[in-house]
Amino acid sequence: MLNIALPKGRLGDKVYTLFKSLGYDCEAMEKDDRRLVLTDENSNISYLLVKPSDVAIYVEHGAADVGVVGKDVLLEGENDVYELLDLDFGKCRMAEAAPVGFHEDIQRPLCVATKYPNIAKKFYAGLSREIEVIKLNGSIELAPLLQLSDVIVDIVETGTTLKQNDLEVTREIVPVSARFIANKASMKFKDQQIKELTQKLAEEIQRRRTQK
Ligand code: PRP
């Protein structure tokens, strides 16, 4: 049985569509129930539905053999896993954003609110910019509006959240997309099954690219 960790939520919906187009029976996933393990006996696959930020943890520890996760989560967690494929969806960017018209005072540390403290620390270290990090778990855009921070480091997809909160991108950090990852030991012991799935995914991604 191949255990696949899939992200619940926004990215998850796109992953279900992808697996469906490969002919895997994901019908149970589309139903609104609370089961977290869904087994497809025909394909010998078990789907584990986890929080997007936890996918790489399940895969790193071998609780799942493979998984689909955003590059943002991988960069933040620095998990010891193999990154097998860029799935070419879930595209967004990691960026610094500030209130419109914000002027940075370079005489003092920049106060940064983020869900991604490691990414932020590395990025500003690369600019030799001293920062103070405030780790939040969501609704990051609120922080500079309440003067909790000067800026935020967060993902931007459509830009709507920034716009509706009078914020704008001030520095680009890194492009993000969904990645197919594998546990290192599983790559040895379930080599055949993983290679087969990777091949199918790669072909489907290629087919979609040529259709664009
Ligand atoms: C993410 C991110 C931004 C928003 C960006 O939040 O943290 O807030 O999406 O998307 P947009 O550019 O299309 O507006 P999410 O919806 O995951 O919720 P969160 O605030 O709880 O992190």
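How do the residues of the lining of the largest pocket divide into nonpolar, polar and charged? They comprise 16 nonpolar, 13 polar and 11 charged residues, where Ala, Val, Leu, Ile, Met, Phe, Trp, Tyr, Cys and Pro count as nonpolar, Asp, Glu, Lys and Arg as charged, and the others, Gly among them, as polar.

The model is predicted, with local features requiring pLDDT of at least 70 and side-chain atom pairs pLDDT 80 or more, whereas totals for chains, interfaces and linings use all residues. Residues are numbered from 1 along each chain as its sequence is written, and side-chain values use heavy atoms, with hydrogens and water left out.

An open sheet of mixed pairing is formed by 6 strands in the order β2-β3-β1-β4-β11-β5; strands (E, at least two residues) and helices (H or I, at least four) are DSSP runs numbered from the N terminus, and two strands pair if DSSP finds at least two bridges between them. Because β2 (37–40) and β5 (82–86) stand at the edges with a single partner strand each, one side of each is left without a neighbour in the sheet. Strand β1 (residues 2–7) runs parallel to β3 (residues 45–50), to which 6 bridges join it, and Asn3 stands opposite Ser46 in β3.

Among the 40 residues that line the largest pocket, Pro52, Asp72, Lys115, Tyr116 and Ile155 lie nearest its centre; a pocket is an open set of points on a 1 Å grid over the protein atoms alone, where a 1.4 Å probe fits, with protein on both sides within 12 Å along at least five of seven lines, and lining residues have an atom within 4 Å of a point. The largest share of this lining, 4 residues, comes from α4.
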